[in-house]
Structure formats: structure tokens, C-alpha cells
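Work through the following exercises on aromatic contacts, using the sequence and the coordinates shown here.

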Amino acid sequence: MDTVSAIRLTGLRKTFGSTVAVDGIDLSIADGEFFAMLGPSGSGKTTVLRMIAGFERPTAGRVELAGADVTRAVPFERDVTTVFQDYALFPHLSVRDNVEYGLAVRGVKRAERRKRADEALASVRMDGFAERRPTQLSGGQRQRVALARALVVKPRVLLLDEPLGALDLKLREQMQVELKQLQRDAGITFVFVTHDQEEALTMSDRIAVFHHGRIAQTGTPAEIYQQPQTEFVAGFVGTSTVLTGHAARELLGRDGRFMVRPERIRLSTEPGRPSGTIAEVVYLGATTRYLIDLDTGARVTASEPNTSGNAAHRRGERVLVSISPNDVVPLEGSSDA
């Protein structure tokens, strides 16, 4: 017997006047899955999230939650909660009252509200801040309160619309780990919208990459990174080089259109016919990225770990570029695809 998906979208479409924001989305998200919707601004991912939440009504198609058709249901009739980038906390209420708010709307008695709110705050390590106001908290603390307020009502699905976007890099990286652990502990479905490919790769069980209102590819982080199905996915998720024409024949010995990741390209200064010249050296701490202008006229990007603490090659150095045929991915339009 097939298990019922937490979310199922069928033929989902949304237009705003003559603008097509979402163009025929079919998607199934499993119960308890951490699912990311990844894409650039205007790709349709946030509009899809808003249709799942009930804030936007589809022009066409169907939204199901736990097997029930909720396409025409209003937001409060859906077993979902949304966390927004700006957190939307009430500044005049204490942290505890903010967390209790959803329970109060649902008619939960005061003693039970307080008990559940305190448990939710403890789950996000904010139990010592119950009496403070949101204005007395840091950005990371406000984000934890927003999560506690969402989790306290025990939704089947938690929707997160770029909730880490306002945080600085260090705190964002910390919250990525904490959010994933929180999802495991809560055991509910998280649907996470982001334009940050590193966030999606770090946190998700699966990713849908959005492009022009459609899903370009769905898969695990490893599948999306290692086996992109289109040139857009290859370029948007991580750094990549696309080899075609003379460059593909020179480096791979075959015609077609191929993607290769920087860490799969080998550089050597050993005797032999060099392939090109290092145009730029970008030091990134643990790794160094090299931009190499090939003699064929193409440019490739390679990266190497800084095992000795310093970059191994210099700008202007002539290098031999080698790529294993097993490390390239044929793209659409390639004779190998």
C-alpha cells in the first residue's frame, strides 16, 4: 500500500495577469521529509510555498495535504504553519505570549498554553527568555522564537520562507545545523524556500530546483550536485565548467556538451604539452580556485585543497589540465546525453 504524501501538487499553475509565475508543477513531498525549494528570485518557489499555505489560490491545479484536497481551503483550515524571513513577531508581547498566540487563537486553556509554550521554547534553547520582548533579542534569537511559535501548534507541515536570509554568515551556518536537528527531533515535514544553494545542499533530504516557474530537477543533494540534468542546474548549484566544441575534443576526446566540477579537474606542471595558462588565483582558505585560460580559447575553473596552507600554483603559470571521462556529466543536447 502506498503511503500518503505530506504534500502533493498536481498541475499547479499561477498567473498574475499575463505573467506566468508557476507553470505546471507536479511534486510529491514525503511525510517527515526536509525538502528544499531552491531557485533564483522570480523562479516561482515562493509562489508555490504560498499556494501550499493557502495565501495564494492556484489558477489551475491541485494542492493536497495528507491526501486531502485543500486547493480551495483558507490558510487556517490547513494543517501547516509558515515562518517568514522577517519572523512577524508581535513587538508588544513577551516571547512567551508570542509563542502562546497560536494556541490562544485555537482556544487552548491558559495553563496548557503556558506548558506547551515553555516546552517549545526549551526545544529551541530559548527557555530563559520567556519574559523578554522581541526588540530585546538578537536576530538569531528572534528566529528561534518564530520557530517555537510555529512548532507549538504541532503542525503536520512547517513552511519556511528564507528564514535565515536576515542573519549574518556565521549565525546562518550555525542555524542551518540547528534547524536540521530541530526537524529531526520534531519529526514533521519541513519545506524550506531558499535561493542559497549551499543552504539547500547542507540541510535538505531532497531539493527541487526551480527555473522560470517550473521544476528543472528534483533529487537528493548529491544527485543535484553530481548529476545535474540541465546546464541551468549545473550552473546554479555550485561552480561548474561547461565544455563544448574544441575544448571537449581536446580534454575529453569527444564531441558534445559536458559539465565538470572544479574539484574534478587536475592541474599539473609536469613535463608535457601544457593546456593553458592560469589567469586568476582565488585563495579561499581551505581551498584555492584557479581560472585557467585554455589554448583552445575556453576557460575552465579548477580547485585544489590547500594541504600545505598555500596555493600550489601561481597566476601566469602554464599548466596541463586533465579530466577523467568518469568525472564529466553529459548535458542536454550532448550526443552522450
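The exercises below concern aromatic rings in this predicted model.

**Exercise 1.** Classify the geometry of the ring pair Phe34 and Phe190.

*Solution.* Five aromatic pairs are counted in the model.

**Exercise 2.** Determine which parts of the chain the pair Phe34 and Phe190 ties together.

*Solution.* Phe34 belongs to strand S3 (residues 34-38). Phe190 belongs to strand S8 (residues 189-194). The pair therefore ties together parts that are 156 residues apart in sequence.

**Exercise 3.** Are Phe34 and Phe190 buried or exposed?

*Solution.* The relative accessible area of Phe34 is 0%, and that of Phe190 is likewise 0%. Buried means under 20%, so Phe34 is buried and Phe190 is buried.

**Exercise 4.** Describe the pair that Phe34 forms with Phe192, and identify the aromatic cluster.

*Solution.* Phe34 and Phe192 are 6.0 Å apart, centre to centre, with 45° between the planes, and the pair is tilted. Phe34 in strand S3 and Phe192 in strand S8 are 158 residues apart, so this pair links distant parts of the chain. Phe192 has a relative accessible area of 1% and is buried. Phe34, Phe190 and Phe192 together form one aromatic cluster.

**Exercise 5.** Which ring does the charged end of Arg261 sit over?

*Solution.* The charged end of Arg261 sits over the ring of Tyr225. Its distance from the ring centre is 4.1 Å.

Notes: Residues are numbered from 1 along each chain as its sequence is written. This is a predicted model: local features need pLDDT of at least 70, side-chain atom pairs count only at pLDDT 80 or more; totals for chains, interfaces and linings use all residues. Side-chain values use heavy atoms; hydrogens and water are left out. Rings of Phe, Tyr and Trp (its six-membered ring) pair if their centres lie within 6.5 Å; planes under 30 degrees apart count as stacked, over 60 as edge-to-face and the rest as tilted. Helices (H or I, at least four residues) and strands (E, at least two) are DSSP runs, numbered from the N terminus. Buried means under 20% relative accessible area, exposed over 50%, partly exposed in between (1.4 Å probe, protein chains only). A charge sits over a ring if NZ of Lys or CZ of Arg is within 6 Å of the ring centre and within 35 degrees of the ring normal.
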